Amino acid sequence: MTVTDPARSVFCSPRFYLDLPDAQVVATDALLRIQDTIRETIEARAMSVVYGEAGLGKSFATRAALAQVDPDLVLSLEFARSRPGPKDLREELFTQMRLGGKMPGTPTPFDRLLLAALPRRPYVIVCDEAQQYRRQCFEFVRNLWDNCSAGRPAVVFIGGHEAFETLQSDPALASRIYIRQEVLAMSEEEVLTVVPLVHPVWAGVDAQLIRHIDTVMADGSMRQWAKITYHVLEGLRRDPGGQLNRRLLNWALDRC
């Protein structure tokens, strides 16, 4: 799980916000740090947390790093419903591990089944949108990890500050977190470097214009930049002879 070129480069292909066409993944500072966190967590078979504000690319960068892991080993616990409970986690693990037979109907035999199955392979449990988790979910994952002494899974929690605060507020959980990786917004300098590489529509655009967009709207958020880019492309599609100028940008920004 290493980047062959330490410079900014195209990396791998998780899905962009809005499935932004022609976008390319760039090795931002956050992505490289998350890549190191994932690699070290897997090597140590430990539990770590990647956290920060919405839209900064936590899940995106984690998926990019995990793209180099055997997908059969990645158990992704992300739920459409809010506030999932331990029952949801048990059932999702059962399904993703392709365990045969009927799901146990009560927690104790269910946990025995999971504890017997998890050490068989070097699994990576990914708990995305962990700010939605109830405290019991964190405790359930911690108990699984604690009791898989024969072969623990690596565990990565991804979420907002609420997830981090929940982990920190419980000494039993906090003491088991191997790496705490906060994801911050891109700096102005990084925006000027990264944005022209993310999408060809920004290649060659004046740096002052990119700086203006980031100041008034994007604020270093990769999701915001994806949204703005999508609207810019829509404006160019509607006016094939048009150019990327202040008028078009103002129209795009008004739609964000």
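Start by selecting R247 and D254: both are exposed, on one side of α11, where exposed means over 50% relative accessible area and buried under 20% (1.4 Å probe, protein chains only). You're looking at a predicted model, where local features need pLDDT of at least 70 and side-chain atom pairs count only at pLDDT 80 or more, while totals for chains, interfaces and linings use all residues. Residues are numbered from 1 along each chain as its sequence is written, and side-chain values use heavy atoms, leaving out hydrogens and water.

Now colour L248, L249, A252 and L253, the buried residues of α11 (residues 246-255). They share the same side of α11 because their arc around the axis is only 130°, taken from the directions from the helix axis to the C-beta atoms. Helices here are DSSP runs (H or I, at least four residues), and strands are E runs of at least two, numbered from the N terminus.

Next, show α9 (207-218) and α10 (222-238), which are among what covers those buried residues; contact means heavy atoms within 4.5 Å.

Of its 26 lining residues, pick G55, G57, S59, F60 and R223, the closest to its centre. A pocket is an open set of points on a 1 Å grid over the protein atoms alone, where a 1.4 Å probe fits, with protein on both sides within 12 Å along at least five of seven lines; lining residues have an atom within 4 Å of a point.

Last stop: T28, A30, L56, M186 and M222, which lie nearest the centre of the second largest pocket.
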